[in-house]
Amino acid sequence: MILVNTDYITGKEFEMLGLVRGSTIQSKNIGKDITQSFKTLVGGELKAYNEMMNEARALATKRMVEEAEQMGADAVVNIRYASAAVMQGAAEVIAYGTAVKFVEK
């Protein structure tokens, strides 16, 4: 499966199959929330939240790819990510793009 954030793939012609997406809502445990809140007092990278968001993006991407595979896609083009806080310490991440099937020349 080819994944790109452009609306083309060099050397490939394709037909669009439709929108695909994957999402997840992630949170850290209360212990991590407390330690990260102390970190905001002194500044610096919030590594536990960074890890959480990386895991969330990976899972959202995996779910988007699974949906594309169910449609028989060869690639997903024009991939985008969005995130939003749902509550303190929890965030939703969505990955979306256009599933495409290569056309033989």
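Author: A nonpolar core is a set of buried Ala, Val, Leu, Ile, Met, Phe, Trp, Tyr and Cys residues joined through side-chain atoms within 4.5 Å; buried means under 20% relative accessible area with a 1.4 Å probe, protein chains only. This is a predicted model, in which local features need pLDDT of at least 70 and side-chain atom pairs 80 or more, while totals for chains, interfaces and linings use all residues. Residues are numbered from 1 along each chain, and side-chain values use heavy atoms, without hydrogens or water.

Reader: Which element gives the most to the largest nonpolar core?
Author: The largest core has 14 residues, and Val 20, Met 53, Met 64, Ala 68, Val 76, Val 93 and Ala 99 touch the most other members. Two or more residues come from each of α2, β3 and β4; helices (H or I, at least four residues) and strands (E, at least two) are DSSP runs numbered from the N terminus. With six residues, the element that gives the most is α2.

Reader: What length does helix α2 reach from its first C-alpha to its last?
Author: Helix α2 covers residues 47–70, which is 24 residues.

Reader: Which residues of α2 are buried?
Author: Residues three or four places apart in an α-helix point the same way, because there are 3.6 residues a turn. The buried residues of α2 are Ala 48, Met 52, Met 53, Ala 56, Ala 60, Thr 61, Met 64, Val 65 and Ala 68.

Reader: How many bridges join strand β3 to β4?
Author: Strand β4 (residues 90–102) pairs with β2 (residues 14–27) in the antiparallel sense over 13 bridges; pairing requires at least two DSSP bridges. In the β3–β4 hairpin, two residues lie between the strands and Gly 89 has a positive phi near 85°. Strand β3 (residues 75–87) also runs antiparallel to β4, and the bridges joining them number ten.

Reader: Is Thr 24 buried or exposed?
Author: Thr 24 lies in strand β2. Beyond four places in sequence, Thr 24 is in contact with Ala 56, Leu 59, Ala 60, Arg 63, Ala 91, Glu 92 and Val 93. Because its relative accessibility is 7%, Thr 24 counts as buried.

Notes: Expected span 1.5 Å × (residues − 1). Buried < 20%, exposed > 50% of the residue type's maximum accessible area, 1.4 Å probe, protein only. Contact = heavy atoms within 4.5 Å.
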